[in-house]
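Open the model in your viewer and keep the selection panel at hand.

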Amino acid sequence: MPAVALLLDRLLELSRQLGREERKLAILGEGNTSARAGEGTLLVKASGSNLATLTPAGVTECRLDGLIAMLQERSLTDAQVDEGLFTSRVDPKAMKPSVEAVFHAFLLTLPGVNFVGHTHPVAVNRLLCSGHASAFARRRIFPDEVVCCGPESVLVPYADPGLKLAQAIRRALLAHIRRAGLPPRIILLQNHGLISLGATPEAVLAATLMAVKAAEIFTGAAALGGPRFLSRSQVARIAGRPDEHYRQKVLGL
Ligand SMILES: [Zn+2]
């Protein structure tokens, strides 16, 4: 099978996993996924297609450079953003890429990031629409959360979906990478949703499902007078353990 067909297969499988209705991560046209392809392109979910039932026709291949150039623009009208999205397509007959293709393009240029999954999980959004969003992003409550979601997530303040959101994500990510030296595994969008980054589709799915589990535990612990967070040194210990690194490798994280 040619490399791009194999990549498309992996992206479709990730999308369908994230779209499974009982997981409550996305319904209708919510959420989007992408993968870094060869020669400066990405595969990204088309606007209006559904994660649970995504087919090859619902995925559009776009050039990275055109989308990333839009991040430098101070103010584009909605029509200019649409034009940029249409122009970025490799095949002019392909569907219009998701309006979030700009942030997908940026994230896929980060080291070690080959797949991106964006969803609106009920359990995570419950926290992101509350005063607990910052604590949920900065702190950790159990070891497997550290293994799958990393020692800390990045919280992005609310921004209009599309170009403004992509620019806000870029600002927050660059600040995080300057401080921590590595991209995060999880980005939390205030009053909006979750983005998981990974080298493999398995890593993106694992980080998403573990973030949902952590959100459910956080909310339950908050109702019981908590949560009690792991200390910074406990988190650093898990993140740095060789046996956990081995486990991450075996799990494809
Ligand atoms: Zn969204």
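**Cysteines**

Select Cys 62, which is buried, with a relative accessible area of 0% (buried means under 20% relative accessible area, exposed over 50% and partly exposed in between, with a 1.4 Å probe and protein chains only). This is a predicted model, in which local features need pLDDT of at least 70 and side-chain atom pairs count only at pLDDT 80 or more, whereas totals for chains, interfaces and linings use all residues. Residues are numbered from 1 along each chain as its sequence is written, and side-chain values use heavy atoms, with hydrogens and water left out.

Next select Cys 129, which is partly exposed at a relative accessible area of 48%. Cys 129 is in no disulfide, and the nearest cysteine sulfur, that of Cys 149, is 18 Å away; with a disulfide taken as a pair of cysteine sulfur atoms within 2.5 Å, the count comes to zero.

**Helix α8**

Now select residues 163-180, helix α8 (helices are DSSP runs of H or I with at least four residues, strands are runs of E with at least two, numbered from the N terminus). Its buried residues include Leu 163, Ile 169 and His 176, and the buried residues of α8 pack against α3, α4, β5, β6 and β7. Just after α8, Gly 181 takes a positive phi of about 85°.

**Nonpolar cores**

Finally, select Val 59, Phe 115, Val 124, Phe 136, Ile 186 and Leu 188, which touch the most other members of the 46-residue largest nonpolar core (a set of buried Ala, Val, Leu, Ile, Met, Phe, Trp, Tyr and Cys residues joined through side-chain atoms within 4.5 Å). Helix α9 gives the most to this core, with 10 residues.

Technical notes:
The expected span of a helix is 1.5 Å times one less than its number of residues. Contact means heavy atoms within 4.5 Å.
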